[in-house]
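Subject: Structure handover

Hello,

Here is the structure for your files. My notes on it follow directly below.

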Amino acid sequence: MSEGERLQRAVSFTIAAGYQLNKEAFEFLNKISKTEDPLSLMEEAIRKIEGLPEKPLFINRSFLEETVKETLPEEEKPSPPVSPPPILEGRKVFRAYAKDVDADLKVIDDPTDKICTTGSVEEYLEYFQDRFKRIKKILRRRIDAKNAMPISEALKSTVNSKVKIIGMVTEKRESKGRIFLRFEDLEASVTVLVPQNVSKEVMAKARSLLLDQVVCVSAIKGRNDLLIAKDFIWPDVPQKTPHKAPIPVYAALISDLHVGSKMFMEKEFNRFVLWLNGKFGNENMRNIAGHVKYVVIAGDLVDGIGIYPGQMKELMIKDIYEQYREVAKLIEQIPDYTELIIIPGNHDAARKALPQPAIPRKYAEPLYEARRMYSLGNPCTVSLHEVELLLYHGRSLDDIAAVAPNVSFQTPDKAMKLLLQSRHLAPIYGERTPIAPENRDFTVIERVPDIFHAGHVHVLKCDTYRGTLIVNSGAWQGQTEYQKKMGLVPTPGIVPIVNLQTMQVATINFTAS
Ligand code: ZN
Ligand code: FE
């Protein structure tokens, strides 16, 4: 039964009993029906009225509030009740472990207050130089790339000598089984030939190179300023043992609500909220809910306005402010002992170019009024009980899926692995992912995360790569016309929950009633 139906039943029951709710009482019932059963509450209220010497015709808000207070579970009450609360009859009282532990959340990196670009040509130059220098530094930490030389030096080497360079890919073309690549560093550029007779493995590496990616090339100096490729070395992430929380606290990782869209799955999202409150699911599910200390939303809270052609037809709410007001109504139901972290996505009302600052208050006032939260930029890094989480909406996953071999929209985990190997969140420049020319490249993956969480593709996938947990958190939106055209089948309404003590992931499906 949907929330609306439950509310309807509660109202019908009240009228049938000969009473009416005034406006404030109805609003209160509507609000509380997200976390409580409105029918049980009205049954209890009417039982109380029946016992009164003088029965009112209208039921007001304060009477309902009092009734709710009387039916609270034992532990939440200041003094013990005389009889067990009827609303929880036949059900164990929900006691959240997470309520009794302190949050441990540090914001390690957030671009929000560091954004200062004006978009001049000089800034673009500075941006690319910074990208190159940062990734070169990461590459140089590798034993096999330590002795790389500048391109200018490699060009001066004698023919047939071994050389290693670090460069940014600026051109790539394949012809007659050979691949020609152009690499650039801060002073020079060079053409690298991948001949037909290299091993399959090296050929596959060359094919998977992305434009604007910075890698190390091991080669033989040929004639005419040409290098003959022998191998390619990605900056990559080292194999690591992830940090773990000392206590069993969990993080619920979600993204892509798309509130305002006709396809927003309100019923399923309400189940998720009910579940967080210990009011949905079996004993095991409720036990998991009680350990959730962090709720993380990786962008696209709303569907936005004017994001794609023809969007108006697919919108239920056509005003951005109203869309955020709806989100506010949902997130205010998230238990107050949990910490909420949000970042913007490409549908949110923040600037579209990476790095995106936190969603500005002027568009999302109701959101900020709804509850305490960490509203951060995209991308950002936080630590939860020392477990480092890299949070990124995932726009560039589109670009990767479009060009990388063996990667599709249905396999965002593979695209995310490629980002880790590239040590960059948006290696391809100038496609669908706009990047602002900040003097520092915020999209270089400097710190190796324990968890890498992204969304955007609407397909839930989890994987582990060299000790880093990769999670793409799906969505809360049914298949759109655009996705249908693209042949993308989303997996909405399923939530990955990470146990920060063990790094194990449990998924809970809220689409099955
Ligand atoms: Zn989305
Ligand atoms: Fe998105």
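Glu 365 and Arg 361 sit 4 residues apart in helix H11 (residues 361–370), about one helical turn. Helices here are DSSP runs of H or I with at least four residues, strands are E runs of at least two, and both are numbered from the N terminus. The two side chains form a salt bridge, with the closest N and O atoms 2.9 Å apart. The term means a side-chain nitrogen of Lys or Arg within 4 Å of a carboxyl oxygen of Asp or Glu. Glu 365 is partly exposed at 27% relative accessibility, and Arg 361 is partly exposed at 43%. Buried is under 20% relative accessible area, exposed is over 50%, and partly exposed is in between (1.4 Å probe, protein chains only).

This is a predicted model: local features need pLDDT of at least 70, side-chain atom pairs count only at pLDDT 80 or more, and totals for chains, interfaces and linings use all residues. Residues are numbered from 1 along each chain as written, chains are lettered from A and ligands numbered from 1 in the order written, and side-chain values use heavy atoms, without hydrogens or water.

The whole structure holds 25 salt bridges. Glu 65 and Arg 61 make one of them, at 2.9 Å from N to O. Both lie in helix H4 (residues 61–70), 4 residues apart. Lys 484 and Glu 481 pair at 3.6 Å. They are 3 residues apart in helix H14. Asp 104, Lys 106 and Glu 386 are linked in a salt-bridge network.

Now the rings. There are 12 aromatic pairs. The rule takes rings of Phe, Tyr and Trp (its six-membered ring) with centres within 6.5 Å; planes under 30 degrees apart are stacked, over 60 edge-to-face, the rest tilted. Tyr 127 and Phe 128 are edge-to-face, because their planes stand at 75°, with centres 5.2 Å apart. Tyr 127 is buried, at 1%. Phe 128 is partly exposed, at 22%. Trp 476 and Phe 510 form a tilted pair, 6.3 Å centre to centre and 40° between planes. Trp 476 is in the loop between strand E17 (468–473) and helix H14 (481–486), and Phe 510 follows strand E19 (505–509), so the pair ties together parts 34 residues apart in sequence. Both residues, Trp 476 and Phe 510, are buried.

Best regards
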